[in-house]
Amino acid sequence: MLDLVIPTRHAEITPGFAVKRILPYQLRRMIGPFIFMDHGGPVDIPTERGSNLDVLPHPHIGLSTVSYLFSGNVTHRDSLGVEMVIKPGEVNWMTAGKGIAHSERFEDPAILAGGQLEMIQTWVALPEKDEEGDPSFMNYTAEQLPVFTDKGIWMRLIAGDAYGLASSVKTASPLFYVHVVLQQSAHFGLPKGHSERGLYIVRGSLEVNGVVYPAGNLLVFTKGVDPLIIAKEAATLMLLGGEHLGERHIWWNFVSSRKERIEQAKEDWKQGRIILPPSDDSEFIPLPEDKYRPAGGPPPGALS
């Protein structure tokens with residue numbers, strides 16, 4: 001029924017801003033094309049204390065970042081000149097391709113107080129033919145995304161296709177990504193037609209095959225199974241998966257099917273060949289120290 005249960009691990013994005021890291025995991029690096037997943041928040045920092053949780057400009061190659069907020073907002077700026085305040089329920093799909101830099105800034109101190117910031121960010125690896133494509137950024141409002149409701153069930157299809165729904169979000173490979181809210185005792189099933197499927201429990205708890213799983217776990221399901229999922233209490237879930245793209249190398253914020261391409265990206269960032277956001281170019285995050293890490297281990301200080 002289950003191939004693996006992946007618990008979240010503590011990771012610090014910037015000083016004072018800790019997240020729950022979900023992917024990559026040493027025993028399972030990808031689910032479909034999804035190669036990275038972080039759950040940030042709820043963040044609760046009193047306004048009188050002050051904080052700077054901003055993620056300064058940093059680079060990416062070979063992937064798409066997908067930012068999805070439950071609450072709060074974050075300001076995105078990138079090398080293309082895009083400046084966008086990301087709001088809850090929207091999909092912000094930035095494709096790095098051959099190289100892009102972006103920043104994520106939390107510019108309203110009141111949002112950081114009272115647990116008003118909570119978000120999920122994933123990285124979707126690109127097919128080999130698209131790894132060196134031109135970078136792009138697309139924003140899709142919540143109103144553009146399909147929503148389905150049934151007794152005790154609400155869900156929004158963020159990207160891909162699932163449950164007979166299809167999202168207008170442009171993707172480079174077959175996948176699904178769904179935000180689900182279940183009332184207590186609701187019964188639910190996984191989408192069919194995808195070879196790799198995972199379910200992250202944001203809040204609440206679920207029963208699967210007689211075992212109860214609490215929040216903070218990613219359940220990775222065996223191919224072809226059709227489990228009955230029962231909400232033991234009100235629950236919020238993120239479902240993700242799709243078709244496997246083949247082996248990918250990940251180091252810091254770089255993803256590629258070729259190790260040598262990551263080495264080139266390191267040098268490109270050192271030499272300033274990946275341009276900074278034009279409206280946010282006074283500071284940036286330098287390349288981390290290139291320390292050896294075991295194959296399958298987490299990238300050094302990966303950023304969103």
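This is a predicted model: local features need pLDDT of at least 70, side-chain atom pairs count only at pLDDT 80 or more; totals for chains, interfaces and linings use all residues.

**Entry 1: confidence**

The average pLDDT for the protein is 91, and 90% of the residues score at least 70.

Next I looked up strand β6, which covers residues 63–71. How many of its residues are buried? I found 8 of 9, so I noted the strand as mostly covered. On one pairing, β6 runs antiparallel to β11 over 8 bridges. On another, β6 is antiparallel to strand β9 (residues 91–95), this time over 4 bridges. A reminder to myself: strands of a sheet pair through backbone hydrogen bonds, either parallel or antiparallel.

I stayed with β11 (residues 117–125) and picked out Q121. Is Q121 buried or exposed? Its relative accessibility is 2%, and with the cut-off for buried at under 20%, Q121 counts as buried. I then asked which side chains its own side chain meets in polar contacts. One is S67, at 2.5 Å; another is E104, at 3.2 Å. I also noted T65, which is 56 residues from Q121 in sequence but 7.1 Å away in space, C-alpha to C-alpha.

**Entry 2: T75**

T75 sits in strand β7, residues 74–78. This residue is buried too, with a relative accessible area of 5%. The side chain of T75 makes a polar contact with that of E107, at 3.4 Å. Setting aside neighbours within four places in sequence, I listed the contacts of T75 as E83, M84, V85, S103, E104, R105 and E107. E104 was already in my notes as a polar partner of Q121.

**Entry 3: an open sheet**

I moved on to a sheet of 4 strands, in the order β17-β22-β19-β20, open and with antiparallel pairing. Which strands stand at the edges? They are β17 (187–188) and β20 (211–214); each has a single partner strand, so one side of each lacks a neighbour in the sheet. Strand β19 (residues 205–208) and β20 run antiparallel and are joined by 4 bridges. V208 has V211 in β20 as its bridge partner.

**Entry 4: aromatic rings**

I counted 8 aromatic pairs. Y68 and F70 have ring centres 5.9 Å apart and planes at 90 degrees, so I logged the pair as edge-to-face. Both Y68 and F70 are buried. W251 and F254 gave another arrangement: with centres 6.4 Å apart and planes at 20 degrees, the pair is stacked. W251 is buried at 11% relative accessible area, and F254 is buried at 0%. Ring pairs also bring in W252, making a cluster of W251, W252 and F254.

I then checked for charges over these rings. R203 lies over the face of F70, 5.6 Å from the ring centre. K266 lies over the face of W251, at 4.2 Å from the ring centre.

Where are the cis bonds I noted? One joins L23 and P24, with omega about 0 degrees, and P24 is in the loop between β3 (17–23) and β4 (34–43). Another joins G41 and P42, with omega about -5 degrees; P42 lies in strand β4.

For positive phi I wrote down Y163, near 55 degrees, and N209, also near 55 degrees. Y163 lies in the loop between β14 (153–162) and β15 (165–166), and is partly exposed at 31% relative accessible area. N209 is in the loop between β19 and β20, and counts as exposed at 58% relative accessibility.

Conventions: Residues are numbered from 1 along each chain as its sequence is written. Side-chain values use heavy atoms; hydrogens and water are left out. Rings of Phe, Tyr and Trp (its six-membered ring) pair if their centres lie within 6.5 Å; planes under 30 degrees apart count as stacked, over 60 as edge-to-face and the rest as tilted. Buried means under 20% relative accessible area, exposed over 50%, partly exposed in between (1.4 Å probe, protein chains only). A charge sits over a ring if NZ of Lys or CZ of Arg is within 6 Å of the ring centre and within 35 degrees of the ring normal. pLDDT is the predictor's confidence in each residue, from 0 to 100. Helices (H or I, at least four residues) and strands (E, at least two) are DSSP runs, numbered from the N terminus. A polar contact is a pair of N or O atoms within 3.5 Å; within protein, one must be able to donate a hydrogen and the other to accept it, and residues adjacent in sequence count only if both atoms are side-chain atoms. Two strands pair if DSSP finds at least two bridges between them. Contact means heavy atoms within 4.5 Å.
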